[in-house]
Each structure stands twice: as C-alpha cells, then as structure tokens.
Amino acid sequence: MNNYGFREKFAVLILAGGDSKRMGCPKAFYEVNGQPLIKHVFEKIKKLSGEIIISCKLYQEDLARTFPEAKVVVDKSSEEGPMIGLFSSLPVVSSEYVAVLACDCPWIKPEVVEFLYFRARGHDGAILRWPNGYIEPLQAVYRTKKLTGAIIEARKKNKFRMIDAINLLDDVIYIAPEDLEKIDPSLKSFNNINSPNDL
C-alpha cells in the first residue's frame, strides 16, 4: 500500500531511446554525480511498481544487465521521438495504468508520480500543465489501453508528436503546478538534462 492508501498497481515505463548529440553520448548513460541519468530515475521509482519497462533503441544488453528487475523493450523503428518508443513498449504493459517517464530527470520524486496516478484513476490520464499552457507528457500517468489506441490513431494520421496522441484522449486531468508544489516545492522533479550546461 502506498501513501494514498490504494492497492492497485500501475506500471512504470522509462523512455531511454534518445541519442543526444548535445550530451556527447546516449542521454540515458550521461553521468550526473557519478551515476547515469537513467540510474537516478530507476533508483527513485523502483519501489513504486513491480512492473517496470525500459524502452530503448540500442544498448539492450547493457540495460538488461544493469536493471535486471526491468523488462527492456527495443524500439526497432527508424523513426525518432518518444511516441515511437511508446508504440513499441506499451503493448507489453499489463497494468491498467502506466507512468511514462523520461530518463533525463534525475531529481524525479516518486511522490509526484504517485500523486499523478492518484489523480489519473478513473480518467485517461493526468498531466502537469504550466501556466503558459505547456504540458509535461513525459512525466505523466495514462490509462494504458487508451494511450495505446491514441498513438495508433495518431500514427495512422501521420502525426508523431506526443501532443497529437494526447489530443485524441477523451478524459485527461490537467494538474496545476500549485497542486504538485505541496509535494515538490521547487518542482525540481521536472528538471531535465538536455546538455551539460543544464547542470
């Protein structure tokens, strides 16, 4: 049982497919404080779920060896972008809900993910939306089958951005920053590393 008193499980899917030229190496393996970015994320969230999936394009063996508790799924598509990784990985998710996380947010708080799941229950998803309208689709929780269907539909329309799939969901709860600031006052959970300068 977690902090919100419910027993339902949700899966965690970490997207680790990005090959970042700005980082000088695959982003998942860029080291911060002596550990790869994906290791920071995994260690923070591993107690949230018994079903953890890592989506990757390369380095399947390295990831499987480093994270034996996770199921590593290879995206064999030549297309780029997080929606492509989800297209490959979502079919192996057995839980009704899935937390979709990027590998480049080393300060992620598990309590934030729990809260997003708490708000997503009974809906198609829960996503943080900033005052300027931008959203955080890669640290959000979705109903697995609904997101899978939306991605398939978006691809049929030759649309490959996450927002294209999200716009096809019928019932998304958008979370205001102040609701999450009670858990993460600085919202550091959403700080991602795109280049060494971000450190």
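**View 1. The side chains of Q139 and S189 are joined by a polar contact of 2.6 Å.** A polar contact is a pair of N or O atoms within 3.5 Å; within protein, one must be able to donate a hydrogen and the other to accept it, and residues adjacent in sequence count only if both atoms are side-chain atoms. This is a predicted model, in which local features need pLDDT of at least 70, side-chain atom pairs count only at pLDDT 80 or more, and totals for chains, interfaces and linings use all residues. Residues are numbered from 1 along each chain as its sequence is written, and side-chain values use heavy atoms, with hydrogens and water left out. Q139 counts as buried because its relative accessible area is 2% (buried: under 20%; exposed: over 50%; partly exposed: in between; 1.4 Å probe, protein chains only).

**View 2. L90 is a buried residue, at 3% relative accessibility.** The residues that L90 touches include L13, V98 and I151, leaving aside residues up to four places away in sequence (contact: heavy atoms within 4.5 Å). Between L90 and K145 the C-alpha to C-alpha distance is 8.3 Å, although 55 residues separate them in sequence.

**View 3. K27 and D104 form a salt bridge, with the closest N and O atoms 2.9 Å apart.** A salt bridge is a side-chain nitrogen of Lys or Arg within 4 Å of a carboxyl oxygen of Asp or Glu. Both K27 and D104 are buried.

**View 4. D164 and R161 meet through their side chains in a salt bridge of 3.2 Å, N to O.** D164 is buried, at 13% relative accessible area, whereas R161 is exposed, at 54%.
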